[in-house]
Amino acid sequence: MNSYTLHFIKKTFSSQWEYGSKILYLSILISFSLIAYYNLDFGFLMSSDSYGYAGWADDLIKLDFNLFNYYSQSTSDNPNYIYTIPVLLISLSKFFFGTEWQYAFMIINLILVFFSLVIFSKSLLILKVRPLIISLAMPLFVLSVDLMVWPKYILTDTIFSFMVMILIYVIIKGIIKE
């Protein structure tokens, strides 16, 4: 390799490269677009758990979103407070979007996927990983089975994964003092 090529590689992979952040944001956008296209093209899926959440959401709507009464009248073997966030999101989707609530919930899942990618990138940037290296990792997320399967389901997986990403970000932010 000649010295110009080595200089170019060294400059491109340095933490000071001026286009690193732009390429990172572009890779997040492209990766998310591919994930969203695949999931939206496939459509939503309901499992037996999805129907359970939908029933709980109907109960919450009937109680005018009164969580205290909702918890008090729980008829399930599982404590309903564990599923408060998904049931609340499904209730809001049903309330505002009527019969199209499943698509609204899938959009919420995809929004959470987008912010998970952003939070993942921000976490790595706090750890001083170079933006170009992070952007090279983004296509791996497009190939991830989890991001291609779970956002289309009316389930809690995407919501809880997003919460884990936020927790990891907060932990990293707490440990690393900039």
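This is a predicted model: local features need pLDDT of at least 70, side-chain atom pairs count only at pLDDT 80 or more; totals for chains, interfaces and linings use all residues.
Tyr 70, by contrast, is buried, with a relative accessible area of 1%.

Tyr 53 and Trp 56 both belong to helix H3 (residues 48–62), where they are three residues apart, about one turn of the helix. Tyr 53 is buried at 6% relative accessible area, and Trp 56 counts as buried at 15%.

| Pair | Distance of ring centres | Angle of planes | Class |
|---|---|---|---|
| Tyr 70 and Tyr 71 | 5.7 Å | 55 degrees | tilted |
| Tyr 53 and Trp 56 | 5.9 Å | 55 degrees | tilted |

The structure holds 12 aromatic pairs, and Phe 32, Phe 114 and Phe 115 form one aromatic cluster. Lysines get in on the rings too: the charged end of Lys 94 sits over Trp 101, 5.0 Å from the ring centre, while Lys 152 lies over the face of Phe 42 at 4.7 Å from its ring centre.

On to the largest pocket, with a volume of about 270 Å³. Of its 15 lining residues, Ser 116, Asp 146, Leu 147, Ser 161 and Met 165 are the closest to the centre. H6 (101–126), H8 (145–149) and H9 (157–175) each supply at least two lining residues, with the largest share, five residues, coming from H9. By type, the lining has nine nonpolar, four polar and two charged residues.

As for H6, its 26 residues should span 38 Å at 1.5 Å a residue, and the end C-alpha atoms are 37 Å apart, which agrees. Lys 128, which follows H6, has a positive phi near 70 degrees.

How values were computed
Residues are numbered from 1 along each chain as its sequence is written. Side-chain values use heavy atoms; hydrogens and water are left out. On a 1 Å grid over the protein atoms alone, a cavity is a set of points where a 1.4 Å probe fits but cannot get out, and a pocket is an open set with protein on both sides within 12 Å along at least five of seven lines; lining residues have an atom within 4 Å of a point. Grid points are joined across faces, edges and corners, and a volume is the space filled by probe spheres set on the points. Helices (H or I, at least four residues) and strands (E, at least two) are DSSP runs, numbered from the N terminus. Ala, Val, Leu, Ile, Met, Phe, Trp, Tyr, Cys and Pro count as nonpolar, Asp, Glu, Lys and Arg as charged, and the others, Gly among them, as polar. The expected span of a helix is 1.5 Å times one less than its number of residues. Rings of Phe, Tyr and Trp (its six-membered ring) pair if their centres lie within 6.5 Å; planes under 30 degrees apart count as stacked, over 60 as edge-to-face and the rest as tilted. Buried means under 20% relative accessible area, exposed over 50%, partly exposed in between (1.4 Å probe, protein chains only). A charge sits over a ring if NZ of Lys or CZ of Arg is within 6 Å of the ring centre and within 35 degrees of the ring normal.
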